[in-house]
Amino acid sequence: MNVKIKNIWNKFKFLRSLKARIFIIVFLTGIIPSIVLRYGILENYEDRAVSLRTSDMQNQLNIIANHLITYNYLSDTSSEVISAELEQLSNLYDGRVMIVNSGLKVIKDTYGTSEGKTVITEAVIKCMKEGTGGSNYDYEYGYIEITTPIIETAAAPVANNGVPASAEKKNDVVRGVMLTSVSTESINTTLDILSRRALLLEILMLLAIFAIALVLSNVLMKPFERVAKAISEVKEGYKDEPISVPDYLETEHIVDAFNQLQNRMRVLDTSRQEFVANVSHELKTPITSVKVLADSLLAQEDVPAELYREFMVDIAEEIEREDKIINDLLSMVKMDRTVATMNVGVVDVNALTEIILKRLRPIARKRDIEVVFESRRAVTAEADEVKLTLIITNLVENAIKYNKEQGWVKVVLDADHQFFTLEIMDSGIGIPADSLEHIYERFYRVDKSHSREIGGTGLGLAITRNAVLMHRGSIKVSSTEGEGSTFTVKIPLNYVMT
Ligand code: ADP
């Protein structure tokens with residue numbers, strides 16, 4: 001069934017075109033009223049002409065009916081006057097008149113074929129009984145049949161007091177019926193002529209409307225074609241100036257949306273280029289150092305073993321740094337992929353934090369920094385353990401890295417019914433206010449040389465923020481230069497799928 005519908009729909013695929021729809025709408029709006037008008041007017045004309053003809057005839061027949069009584073025609077059909085009147089009437093209206101007497105016998109037929117015959121039709125009997133005429137139009141054969149009673153009005157009997165009785169009480173006696181049939185051929189001929197003319201007009205209108213619909217559908221669609229053209233021109237390369245098709249509000253909206261998209265793509269493109277430049281630079285720096293170190297060793301002859309060792313330690317450090325950058329880049333790329341899979345499971349956040357802090361304490365101890373964990377409640381959450389580890393590790397590592405000798409780091413874990421929060425506070429160097437909004441950018445470092453010295457890549461916070469966002473959480477920072485910083489991470493206890 002569905003396949004069938006699909007096939008039919010495929011056949012009418014052109015209907016999906018707005019141009020075709022505009023054409024059809026304009027065409028139908030133009031043509032339907034003219035067809036309706038044609039039928040309405042012609043139909044009305046026929047009814048009106050028939051009813052006019054009928055009432056005309058009825059008037060004439062009533063006059064003749066009176067004459068029939070006056071000339072006593074029902075008893076004696078020799079009256080020349082009446083015969084002439086009947087003849088004239090039947091000629092004028094191309095009809096036939098039969099006069100039927102009270103015995104239902106035809107005493108006069110203008111066709112002369114039915115005289116002497118008896119007529120028993122419902123219309124005649126009804127007319128005879130009730131004394132009222134009637135008419136009937138036969139659409140199929142095109143004639144009107146009229147029955148007219150022949151009424152003799154006797155003078156009202158005079159009451160005892162000499163006053164005549166009221167009009168209703170006159171003694172009306174139906175003496176016979178005039179049965180007339182009139183052809184409506186002339187009406188039909190007129191109708192035919194009118195209908196032919198209407199058809200001609202209709203065909204002319206059809207052609208005109210067809211042309212108008214064709215032109216309109218083309219003209220109205222032009223701005224949309226311009227939008228498509230402008231967009232395909234842009235496809236070849238970003239244009240600097242925004243495109244503009246202000247003909248309609250609709251095209252303006254489409255173009256505005258497109259310009260916004262183009263701007264966004266431009267920003268993305270710039271940031272991608274910046275990123276590639278940064279990555280190349282960052283990767284190149286350790287390699288350059290390694291090369292310089294190696295070259296200077298090679299340039300000297302008989303280099304003492306200690307100097308070799310010293311240089312080799314430096315080279316190893318640079319390689320380690322390169323390794324770190326590559327690792328950070330890899331975890332960032334993994335996180336950046338929109339299809340990045342979240343490996344969500346139930347995580348004991350307290351235990352996880354303890355493990356991470358245990359691993360980092362030896363590093364802190366080297367600079368005499370105390371790392372404290374304050375757990376305000378037991379927290380288990382639905383989270384990706386690897387990413388959560390990355391978040392806590394990066395933040396605590398930073399708190400240690402950017403700290404003072406003999407400083408402290410404090411990690412506070414708390415939760416309400418919806419979220420758990422991790423606060424990582426330190427007594428470190430703090431972050432200048434104007435750097436706060438940049439610290440999550442890739443490769444951003446407040447103090448490049450200091451960060452480099454202590455092994456920073458500028459990617460840590462970018463990775464951390466991504467990992468937090470993937471948990472539908474948030475990360476905030478407050479910091480005072482020279483006093484320390486506090487990073488607050490807030491993550492839902494239950495992972496929200498989208
Ligand atoms: P890096 O690898 O250089 O540490 P991050 O992305 O982790 O890169 O951090 C970006 C910059 O933010 C760091 O270079 C540092 O200047 C600053 N920063 C991050 N955490 C802290 C902190 N706890 N105290 C002071 N400065 C910090």
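This dialogue discusses how to read several features of a predicted model.

Student: Where in α5 does a kink lie?

Tutor: The kink, of about 40°, is at Lys222, shortly before the proline Pro223.

Student: Which residues of α5 are buried, and against which elements do they pack?

Tutor: An α-helix has 3.6 residues a turn, so residues three or four places apart point the same way. In α5 the buried residues include Ile187, Leu191, Ala198, Glu202, Ile209, Ala213, Ser217, Met221 and Pro223. The buried residues of this helix pack against α2 and α6.

Student: What can be said of the span and the bend of α6?

Tutor: Helix α6 covers residues 249-299, 51 residues that should span 75 Å at 1.5 Å a residue; the end C-alpha atoms are 73 Å apart, which agrees. The helix bends by about 25° at Lys284, and the proline Pro286 follows within four residues. Pro286 is also one of the buried residues of α6, among them Phe258, Asn259, Phe275, Glu282 and Leu293.

Student: How many salt bridges does the structure hold, and which parts of the chain does the pair Lys19 and Glu225 link?

Tutor: There are 17 salt bridges. Lys19 and Glu225 form one of them, with the closest N and O atoms 3.5 Å apart. This pair links distant parts of the chain, since Lys19 is in helix α2 and Glu225 in helix α5 (residues 185-235), 206 residues apart. Lys19 counts as partly exposed at 29% relative accessibility, and Glu225 is partly exposed as well, at 38%.

Student: Are Arg38 and Glu202 buried or exposed?

Tutor: Both Arg38 and Glu202 are buried. Their side chains meet in a salt bridge, at 3.5 Å from N to O. This pair, too, links distant parts of the chain: Arg38 is in helix α2 and Glu202 in helix α5, 164 residues apart.

Student: Which parts does the salt bridge between Arg367 and Glu405 tie together?

Tutor: The side chains of Arg367 and Glu405 meet at 3.8 Å, N to O. Arg367 lies in the loop between α8 and β7, and Glu405 in the loop between α9 and β9, so the pair ties together parts that are 38 residues apart in sequence. Arg367 is partly exposed, with a relative accessible area of 24%, whereas Glu405 counts as exposed at 55%.

Student: Which residues are linked in a network of salt bridges?

Tutor: The network links Glu374, Arg376, Arg377, Lys410 and Asp414.

Student: Which residues form the nonpolar patch on the surface?

Tutor: The patch consists of Ile8, Trp9, Phe12, Phe14, Ile24, Leu28, Ile32 and Val36, which together have about 740 Å² of accessible area. Helices α1 (2-11) and α2 (18-70) are the elements that give two or more residues to the patch. The largest share, 4 residues, comes from α2. Trp9 is found in helix α1 and is partly exposed, with a relative accessible area of 41%.

Student: With which residues is Thr180 in contact, leaving aside its neighbours within four places in sequence?

Tutor: Thr180, in strand β5, is in contact with Met57, Leu61, Arg96, Val97, Ile144, Glu145 and Ile146. At 2% relative accessibility, Thr180 counts as buried.

Student: What values does phi take at Asp302 and Phe443?

Tutor: Most residues other than glycine have a negative phi. Asp302, however, has a positive phi near 50°, and Phe443 has a positive phi of about 70°. Asp302 lies in the loop between α6 and α7 and is exposed, with a relative accessible area of 75%. Phe443 lies in the loop between β10 and α10 and counts as buried at 5% relative accessibility.

Key. Residues are numbered from 1 along each chain as its sequence is written. This is a predicted model: local features need pLDDT of at least 70, side-chain atom pairs count only at pLDDT 80 or more; totals for chains, interfaces and linings use all residues. Side-chain values use heavy atoms; hydrogens and water are left out. The expected span of a helix is 1.5 Å times one less than its number of residues. The bend at a residue is the angle between axes fitted to the seven residues ending there and the seven starting there. Buried means under 20% relative accessible area, exposed over 50%, partly exposed in between (1.4 Å probe, protein chains only). Patches are made of residues with over 30% relative accessible area and no salt bridge: like charges are joined within 9 Å, nonpolar side chains (Val, Leu, Ile, Met, Phe, Trp, Tyr) within 5 Å. Accessible areas come from the Shrake-Rupley method with a 1.4 Å probe; for residues, only the protein chains shown count as cover. A salt bridge is a side-chain nitrogen of Lys or Arg within 4 Å of a carboxyl oxygen of Asp or Glu. Contact means heavy atoms within 4.5 Å.
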